[in-house]
Amino acid sequence: MQLSFYIARRYLVSKKSHNLINVISLISLVGLTVGTAALIIVLSVFNGFEDVVKSLYNSFNPDFEITARTGKTFHYAEFPTGKIKAIEGLSGMVEVVQEDALFKYRDQQYIAKIKGVSSNFTSLSKVDTKMTQGDFVLQEGDANFALLGAGVAWYLDVNIHDFRNLLSIFVPRRGNASSFNFETAFNNEVIPPAGIFAIQQEFDEKIVLVPVRFARKLLDYDDEVTSVDIYIKTGTDEASFQNQLSNILGNNFLVKNRFQQNETLYKVMRSEKMAVFLILIFILILASFNMVGSLSILIVEKLKDIAVLKSMGADRKLIRSIFITEGMLISLVSSIAGLLIGFILL
């Protein structure tokens, strides 16, 4: 093995008698090096992009979202809060009331979603890190405030420093109210905008955060919620926690983790990364054919050396091992060079 490695190393670094062999060997080295570097760089970029997207969504989405399997709302009083709070690793629970609404600010109108959250949302979520204007406050004493997504604020042309104009919110009234009379068909409440957040376009153009008590009053709810958001402590086993939640809640509720809340997005991202990975692997395979061609021509050039080795007692296995080792050295040198280039460029 040492003899085959020694001869293969000499063949790799020594100057060939024909320039064509040198060119083909260089091409195979460069091709594999560039392919390896491209694989490292592209996959690193995709991983970084995925981490950025996850951080954006995780700043708004909870660790788990619990919704009713049938129906739109459920009574929070009937929810097994005591059993869930007993699960180890729980950080907090947020009551959520979400509904489509018409927003009006001065002469501007826009349709988005009102999301009412309980008071502990401000301490559990990371929306405070995404504030661009104003303060991260939803309620102070009996006063209620609204936090608008940047897109909603832009469409409505909201000025949070203008205390004379309030944000008007309209939602369809429950029951059999006549749709021909605007005053009886919609519930209406006003609320001062306190701040603007910018997370991601999907949230910025759709969400307005308000206190859950304000949302219930607007929607004529008692203790109903559309979902319950669960936050867990860092280091908690998510799979185990989700299983415990499912066992407690039974078949009447759906428990979704972060991936399941944005399943389509994460599947698309993984599919894109896998497609790019396969394409780059295919390019590396094509580049490897240059190495095969280089080895084939090298064998032809070294026929005299092979004859000398056979006369000295070398068998077919040793000769085959020499050129296999030669190919492995080319691959190894190219891979190391590609890795170094990829890490340097990153």
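The lining of the largest pocket draws at least two residues from each of β1 (64-68), β3, β4 (108-117), α7 (201-204), β14 (227-232) and α10 (258-261), where helices (H or I, at least four residues) and strands (E, at least two) are DSSP runs numbered from the N terminus. The model is a predicted one, in which local features need pLDDT of at least 70 and side-chain atom pairs count only at pLDDT 80 or more, while totals for chains, interfaces and linings use all residues. Residues are numbered from 1 along each chain as its sequence is written, and side-chain values use heavy atoms, with hydrogens and water left out.

A pocket is taken here, on a 1 Å grid over the protein atoms alone, as an open set of points where a 1.4 Å probe fits, with protein on both sides within 12 Å along at least five of seven lines, and its lining residues have an atom within 4 Å of a point. The largest pocket holds about 630 Å³ of space, the volume being that filled by probe spheres set on grid points joined across faces, edges and corners. Its lining comprises 25 residues, of which Asn61, Glu65, Gln98, Lys113 and Lys115 are the closest to the centre. Strand β3 gives the most to this lining, with four residues. By class, the lining of the largest pocket contains six nonpolar, nine polar and ten charged residues (Ala, Val, Leu, Ile, Met, Phe, Trp, Tyr, Cys and Pro count as nonpolar, Asp, Glu, Lys and Arg as charged, and the others, Gly among them, as polar).

The second largest pocket has a volume of about 320 Å³. Among the 17 residues that line the second largest pocket, Asp63, Lys126, Ile232, Thr234 and Arg258 lie nearest its centre. Two or more residues of this lining come from each of α2 (19-58) and β14, and the lining divides into three nonpolar, nine polar and five charged residues.

The largest nonpolar core has 46 residues, and Ile66, Phe79, Leu167, Ile169 and Ile230 have the most contacts inside it; such a core is a set of buried Ala, Val, Leu, Ile, Met, Phe, Trp, Tyr and Cys residues joined through side-chain atoms within 4.5 Å, with buried meaning under 20% relative accessible area, exposed over 50%, and partly exposed in between (1.4 Å probe, protein chains only). Strand β3 (residues 90-105) gives the most to this core, with six residues. Leaving aside neighbours within four places in sequence, Phe79 is in contact (heavy atoms within 4.5 Å) with Ile66, Phe74, Ile84, Met93, Val228, Leu249 and Phe253.

Thr67, found in strand β1, is buried, with a relative accessible area of 17%. Not counting residues up to four places away in sequence, Thr67 touches Phe74, Thr226, Ser227, Asn252, Phe253 and Leu254. Ser331, in helix α13 (residues 316-345), is partly exposed, with a relative accessible area of 26%.

Leu147 stands opposite Gly195 in β11, and its bridge partner in β12 is Leu209.

Notes: Two strands pair if DSSP finds at least two bridges between them.
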